[in-house]
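Here is a short briefing to read alongside the model. Have the viewer open, and let's walk through a few backbone details and then a helix and some strands.

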Amino acid sequence: MHYIKRDLEDKIIALSKEYACLLVTGPRQVGKTTVLRHLAAPDRSYVSLDDLEERRIAKNDPALFLQMHDLPILIDEVQYAPELFSYIKIAIDNGAAPGSFWLTGSQAFKMMELAQESLAGRVAILHMGGLSQHEIYGSGANMPFTVDLNALKSRKNTGSPANMNEIYERIWKGSLPGYISGKFTDRNVFYSSYLQTYINRDVSELTTLVDKLPFQDFIRAAACRAGQMLNIHDIAQDVNVSDDTARRWLQVLEKSDIIFYLRPYSNNLLKRTIKTPKMYFFDTGLVACLTRYTTPEILQNGAINGAILENYVVSEIVKTYQNAAQDCLLWYYRDKSSNEIDLIMESDGCLHPIEIKRSVNPGSELIRTFSLLDKGSVPRGKGALLCMRPELSAINADNYIVPVWMI
């Protein structure tokens with residue numbers, strides 16, 4: 001097992017010099033605690049609320065809990081004792097030094113809500129996902145992905161070239177540090193254990209009315225539709241539950257950072273666009289495991305090969321922004337005539353259309369739908385085809401061909 005440097009490290013250190021409280025959220029087993037303990041000075045105390053006795057004190061007598069543990073402190077899994085937040089606020093208002101409190105939480109929605117209620121203006125919130133392609137295979141500094149030629153040329157120096165076979169191996173392996181670092185070597189056992197822990201702990205925390213076996217089947221049915229437009233009714237039928245139950249369970253998956261959505265782009269001048277979001281998983285290794293693809297080669301030739309590639313690309317773009325502590329404005333486009341653009345990125349007042357293809361030599365016909373955005377009120381900027389081409393290239397002066405390994 002080896003430690004993998006995270007792109008968020010510099011941001012964690014910088015913000016700890018300005019804020020008394022730092023909260024790192026993210027799904028289970030993505031390395032939040034590992035990173036903070038790696039960065040922590042020797043005098044920082046550590047306590048995990050997985051410890052039931054510590055949790056009992058934190059919930060029942062948060063003032064005593066904070067008296068028992070010296071500052072600076074790292075409190076792990078703080079979502080188990082939301083009662084602490086009000087007392088942390090008091091400590092900050094009484095002059096706690098920058099970096100006094102480092103907190104982690106595995107339920108991002110709940111953590112954001114609690115922190116914004118109790119610690120508004122006093123806490124820096126960072127989101128950590130699974131390992132990014134850049135963290136595992138690249139080098140140098142992380143850069144948020146943009147469709148800018150100079151930025152794309154710079155990315156060539158921070159990525160690690162990969163052909164189609166190697167890209168699908170990256171997709172199949174996923175992004176969870178426990179497996180990528182070599183700590184655990186049996187992928188099937190690792191992901192099976194991950195799922196059981198997730199269902200037994202996170203899901204049980206978020207909803208009390210869940211039957212664990214149907215819920216596991218439900219996650220598998222959702223994984224079969226990763227990278228596609230959401231159809232709640234189809235997923236519900238697959239596992240024989242009601243649409244309302246399926247909707248509630250999808251909310252659990254979203255709140256625990258297993259899935260996320262891309263909303264369709266529209267404005268008042270684009271009236272024929274549809275309203276259905278597309279669903280993606282944060283970790284493609286989990287998707288490959290749930291859909292029972294046993295090797296990267298079988299996955300590459302399987303029924304979901306295009307959808308899981310799109311899922312991988314979208315999640316990797318999102319990570320480049322999360323790891324820079326920046327927001328990413330991403331949508332997709334589809335209208336009632338079935339014209340579609342896989343991704344639309346908004347930056348600097350322009351819309352940048354992006355198409356994602358498995359092809360090594362994508363043709364110019366793939367960018368025809370980009371002109372549909374010209375009917376909108378926001379100007380169209382440079383576009384891109386993200387594909388398996390080994391080198392950065394271009395279709396024309398306004399549309400680039402970008403290898404997936406460069407994200």
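In which loop is Ala325 found? Ala325 sits in the loop that runs between helix H17 (305-322) and strand S9 (330-334). Please keep in mind that this is a predicted model.

**Backbone features in loops**

- Ala325 has a phi near 55°, which is a positive value in a residue other than glycine.
- With a relative accessibility of 40%, Ala325 counts as partly exposed.
- Leu71 and Pro72 are joined by a cis peptide bond, with omega at about -5°.
- Pro72 belongs to the loop between helix H4 (62-68) and strand S3 (73-76).

- Helix H13 spans residues 232-239, and its buried residues are Ile232, Ile235, Ala236 and Val239.
- Why do they lie on the same side of H13? They cover an arc of only 100° around the axis, and this puts them on the same side of the helix.
- The packing partners of the buried residues of H13 are helix H12 (212-223), helix H14 (243-255) and strand S8 (278-281).
- At the N-terminal end, H13 is capped by Asn231, with a side-chain oxygen 3.3 Å from the backbone nitrogen of His233.
- Just after H13 comes Asn240, which takes a positive phi of about 60°.

- S10 and S11 run antiparallel and are joined by five bridges.
- Glu346 has Leu351 as its bridge partner in S11.
- The hairpin has two residues between the strands, and Asp348 takes a positive phi near 50° there.
- Asp348 is not a glycine, despite that positive phi.
- Is Asp348 buried or exposed? Its relative accessibility is 81%, so Asp348 counts as exposed.

**S11 and its other neighbor**

- S11 also pairs with strand S12 (residues 383-387), in the parallel sense and over three bridges.
- On the S12 side, Leu385 is the bridge partner of Glu355.
- Six of the seven residues of S11 are buried, so this strand is largely enclosed by the rest of the structure.
- As background for viewing strands, side chains in a regular strand alternate between the two faces of the sheet.

How values were computed: Residues numbered from 1 in each chain as written. Predicted model: local features only at pLDDT ≥ 70, side-chain atom pairs only at ≥ 80, totals over all residues. Heavy atoms only, no water. Helix = DSSP H or I, 4+ residues; strand = E, 2+ residues; numbered from the N terminus. Buried < 20%, exposed > 50% of the residue type's maximum accessible area, 1.4 Å probe, protein only. Arc of directions from axis to C-beta. Contact = heavy atoms within 4.5 Å. Polar contact = N/O pair within 3.5 Å; in protein donor to acceptor, adjacent residues only side chain to side chain. Pairing = 2+ DSSP bridges.
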